[in-house]
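Thanks, everyone. Let me put the model up, and then we'll walk through it.

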Amino acid sequence: MKSSAKLHKIYDEDQVKPILNYLKENHHNLYICCLITYATFLRPHHEVRSLRMSHIKNDCTEIHLSGTENKGKRIRIVYIPDYLRKELLPIIDGLTLNESLFTRTIEIPNEYYFSTAWTRQFKEMFKIGLIQKNQTIYSFRHTAAVQVYNKTKDLHILQQLLGHSDMIVTLKYLRGLAAIKNDDLKAVMPTLNL
């Protein structure tokens, strides 16, 4: 039976930093999970949760996942931006290859670790007005996708970054684009001088 699609409402531009700052102060592992999700497009509940020191390559500038370690079932290499690298370096310092980024042992967090942590933190963030209904951990991935599309207008690049094999799935990530106003529609209509 196919599961129902869930809307992951994207974050407004001015929301991302305050939410990340709140999480950094209140649940550091969740902060790192959300930051990795935003910066690398990795899926939080499996790909990020399962990260070990052995996945971090090339002086902490790339994350490498085998086909069995990601949803796309293909080897996946993602770039680590400098702002994420700066946060990861103290975490990976002293880790052995098989140790988890989040437990610092060979055990990875249980499958509900981040969803449980998110539910608790969401309640507090919602109460103080930092976050809105339907904004989730996955909203970091969706927000980053919309930002990349707005910069590049290239669906193929976005598809590669998200690790999708089907362009239709990639297009669903762009639901978060702002609604187009009638004046904007008028401005893009084809013209012809007769």
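Where do Trp 118 and Phe 122 lie, and how many residues apart? Both are in helix H5, four residues apart, about one turn of the helix. Helices here are DSSP runs of H or I with at least four residues, strands are runs of E with at least two, and both are numbered from the N terminus.

Some housekeeping. This is a predicted model, so local features need pLDDT of at least 70, side-chain atom pairs count only at pLDDT 80 or more, and totals for chains, interfaces and linings use all residues. Residues are numbered from 1 along each chain as its sequence is written, and side-chain values use heavy atoms, with hydrogens and water left out.

Aromatics, then. The whole structure gives six aromatic pairs. Rings of Phe, Tyr and Trp (its six-membered ring) pair if their centres lie within 6.5 Å; planes under 30 degrees apart are stacked, over 60 edge-to-face, and the rest tilted. Take Phe 102 and Phe 114: the centres are 5.0 Å apart and the planes at 80°, so this pair is edge-to-face. Phe 102 sits in the loop between helix H4 (82–92) and helix H5 (113–127), and Phe 114 in helix H5, so the pair ties together parts twelve residues apart in sequence. Phe 102 is buried at 8% relative accessible area, and Phe 114 is buried at 1%. The cut-offs, with a 1.4 Å probe and protein chains only: buried is under 20%, exposed over 50%, partly exposed in between.

Back to Trp 118 and Phe 122. Their ring centres are 6.5 Å apart with planes at 40°, so that pair is tilted. Both residues are buried.

Gln 15 lies in the segment before helix H1 (16–26). Its relative accessibility is 8%, which counts as buried. What does the side chain of Gln 15 reach at 3.1 Å? The backbone oxygen of Leu 130. The Gln 15 side chain also makes a polar contact with the side chain of Gln 135, at 3.0 Å. A polar contact is a pair of N or O atoms within 3.5 Å; within protein, one must be able to donate a hydrogen and the other to accept it, and residues adjacent in sequence count only if both atoms are side-chain atoms.

Now the strands. S2 runs antiparallel to strand S1 (residues 56–57), joined by two bridges. Strands pair if DSSP finds at least two bridges between them. S2 also pairs with strand S3 (residues 76–79), antiparallel, over four bridges. Ile 63 is the bridge partner of Ile 56, and Ile 63 stands opposite Val 78 in S3.

Last, charges. There are five salt bridges, each a side-chain nitrogen of Lys or Arg within 4 Å of a carboxyl oxygen of Asp or Glu. Lys 24 bridges to Glu 87, closest N and O atoms 3.3 Å apart. Lys 24 is in helix H1 and Glu 87 in helix H4, so the pair ties together parts 63 residues apart in sequence. Lys 24 is partly exposed at 34%, whereas Glu 87 is buried at 14%.
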